Amino acid sequence: MARFLIRRLLNMIPLIIGITFISFLAMSLVPGDYLSNLKMNPRISPEIIHQLQAQFGLDKPLLVRYVKWLWGVIHLDFGYSLQYRVSVTSLIAARAFNTVILAVASMVFAWILAIPIGIVVALRQNSIWDRILSFLAFLGMSVPNFFLAFLMVYFAMWMGKDWLPPGGTFSVDYNSLTLMNRIADRINHLILPVFVLGVAGMAGLMRLMRSQILEIKNSEFVRTARAKGLPERVVIYKHVLRNALNPFITMAGYSLGDLLGGAALVEAVMNLQGLGLLLLNAVRSLDIYLVMGSVLIGTMLLLVGNLLADIALVAVDPRVDFSSMASQ
Amino acid sequence: MSAPVTTLPRLQAAAVAGPIRGGLAREWRLASRTVRASVICLVVFYLFAAFSPFFAPYDPIYQNRSMPDCPPMRLHLSAPSQWGYGVFWTYPLHMVDAEERSYAPDRNHRIYIHLFSRGHLFTTDSEQAPFYLMGSDGLGRDLFSRIVYGARVSMCVGLIGVLISFSLGIAVGALSGYVGGLTDNLIMRWSEIEMSLPSFYFLLALAAVIPPGISAAQRFLLIVAIMSFISWAGLARVIRGMSSSVRSLPYVEAGRALGGSRWRIITRHVIPSVLGYAIVAATLSIPGFILGESALSLLGLGIQEPTPSWGNLLSQAEDPQNLVRYPWILIPGIFIFLTVMAFNFLGDHLRDRLDPSSSF
């Protein structure tokens, strides 16, 4: 296990360098930078602009800036946000927390519903329930995240503000609440975003579960299990389900990327203060270090998620072990 | 010319070309109702894109300043004696409260709607007395006309994107599988980098590169290029894996043993067996492009005003107040939804027809 972990972590290094360098290059290709707006302002003298340029290192060549930034990242210093005038690290920490909560909650929501529905639907193949739920899954897969988010905002506004908040991370009077009320307030604000993000994931997972079970149900080891007289319940739970869950875990790891992207959109529509919205604002105002920090943290979340999924797969599937994974 | 005749290639050809050979009429009969509806839906949207000036009743950027945020108007059928004026008519709407932007019908007048008139499918005598099938936006532009013109962007982005990413994916995948060695290794590591990207974050960061001053067409192409750049890698990996596995399949070896030339084996055996998968994958990857463009345009980083796209038409809904007062501004979202769903249904159906080996 230790060898596997070290190998995977070492593999991440070129990956992260590659991704951050491309983003860095892209951001420097943009005509103008954060200071171009200030330059337009006649009340700010050229000396101050120069001073700011030197302070943020915007006058240095690209590679120097990149290496400097990377060196800072190693020391957990992600640079300075030109827009918010605080260190990127402190900004990102709070926002990433919100995004992780949103992503994890919607994943749990999707799993809790997708697995049992997928099982029921597969065991009653071609029944009316199978048809209805499969069709609904198709709808859920096809509805764009942002469109569903708009619909939910509309729904919340239509229901009135006493029911569910149509957007935001917490209420205006959040700071005056007690701890329990704060948590309740947060959860209240998360219900709609989690629903929106969960629906898309749930639909895909349900279809995967259904096709997995249908495939495994007809395999030979299941027939053997039946032939040796196991009760149907044991056949389903011990043989069919356990095998059907494996691709699920792999898929969960890889669906993290979609989840982060979807979360960014939902955050933008519902004004949830997460990593995606932070990145969006940073991109809009060409706040280069904030963009870099957000992309980096997003990538790390994804990589760590994939790693966790692989470890979980080893734990669940005895046919897979760390040595076979490392050699892949 | 003719290869040594055995039953093996013929069986193989029948298995591969079977679904296509029956012709389109047979395919249509075999398709389920949902698939037929999807195809019709897509054909209509592509017609929108191809003949926007005909389907759109008005100029998509003409601003009727006296009618911003006008609700969709109700269509009435004329009495047969009035059909000389127009088969359909509507009451003109007048703004009663400029603050609330509420409208009331003027029941003393009628606006007649002319079919196939002045080069439009339907239109009224003037843009001053319009018929807003789906309402108007905040600047008094006809939403339906903007949706029809927006189909140009939203429907083309998928096709062009798939074209680019597939030619890249197939070329690189085939090269990687064929050359092998260090090249193969480097290309595959690179594709791994691209696949483990948080693609939407990356898309956002790259979209900032697009300079503000360029034309709508250039902007469109840049957006498609960026999205293709992000999405070709997964395909290249699969094509590489498939072409190398097909190469050693018994029927390909049989073809080789029978003296088939390399060209013949590639065109008659390898490509057909990969093609089914490629068509399915292409159909199923189109929604990703459409959604990517819509999301970027919605966030203001994609297609810019006044050029309409289904994504940037939705950006008015970002203000919840607008959403509640003028819910018809969500209609473009329904078009995106229908398109994505149609491609999903079609792709699913094609997978059953062309690629029976995969169940999911």
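Reader: What share of the residues in chain A is buried, and what makes a residue count as buried?
Author: Buried residues are 49% of the 328 in chain A. Buried means under 20% relative accessible area, exposed means over 50%, and partly exposed lies in between (1.4 Å probe, protein chains only). This is a predicted model, in which local features need pLDDT of at least 70 and side-chain atom pairs count only at pLDDT 80 or more, while totals for chains, interfaces and linings use all residues. Residues are numbered from 1 along each chain as its sequence is written, chains are lettered from A and ligands numbered from 1 in the order in which they are written, and side-chain values use heavy atoms, with hydrogens and water left out.

Reader: Why is Asn322(B) called buried?
Author: Its relative accessibility is 18%, and the limit is under 20%, so Asn322(B) counts as buried. Asn322(B) is found in helix α12 (residues 320-325) of chain B; helices are DSSP runs (H or I, at least four residues), strands are runs of E of at least two, and both are numbered from the N terminus. Leaving aside neighbours within four places in sequence, Asn322(B) is in contact (heavy atoms within 4.5 Å) with Gln316(B), Pro327(B) and Ile329(B).

Reader: What makes Arg101(B) and Asp69(B) a salt bridge?
Author: A salt bridge needs a side-chain nitrogen of Lys or Arg within 4 Å of a carboxyl oxygen of Asp or Glu. The closest N and O atoms of Arg101(B) and Asp69(B) are 2.6 Å apart, so the pair meets the definition. The pair links distant parts of the chain, 32 residues apart: Arg101(B) is in the loop between β3 and β4 of chain B, and Asp69(B) in the loop between α4 and β1.

Reader: Are those two partners buried or partly exposed?
Author: Arg101(B) is partly exposed at 28%, whereas Asp69(B) is buried at 2%.

Reader: Which salt bridges does Glu305(B) form, and how do you know that they qualify?
Author: Glu305(B) pairs with Arg141(B) at 2.8 Å and with Arg146(B) at 3.6 Å, N to O. Both values are within 4 Å, so both pairs qualify. Glu305(B) lies in the loop between α10 and α11 of chain B and Arg146(B) in helix α5, so this pair ties together parts 159 residues apart in sequence. Arg146(B) is buried, with a relative accessible area of 0%. Salt bridges that share partners join Asp137(B), Arg141(B), Arg146(B) and Glu305(B) into one network.

Reader: How many salt bridges are there between chain A and chain B, and which residues meet?
Author: The count is one: Asp348(B) and Arg207(A), at 3.1 Å, N to O. Over all chains the structure holds eleven.

Reader: Which helix gives the most to the side of chain A that touches chain B?
Author: α1(A) gives the most, with eight residues. That side of chain A divides into 36 nonpolar, ten polar and three charged residues. Ala, Val, Leu, Ile, Met, Phe, Trp, Tyr, Cys and Pro count as nonpolar, Asp, Glu, Lys and Arg as charged, and the others, Gly among them, as polar.

Reader: What is the area buried between chain A and chain B?
Author: About 4,100 Å², of which carbon and sulfur atoms give 81%. Buried area is the accessible area (1.4 Å probe) that two parts lose on being put together, summed over both. In contact are 49 residues of chain A and 44 residues of chain B.
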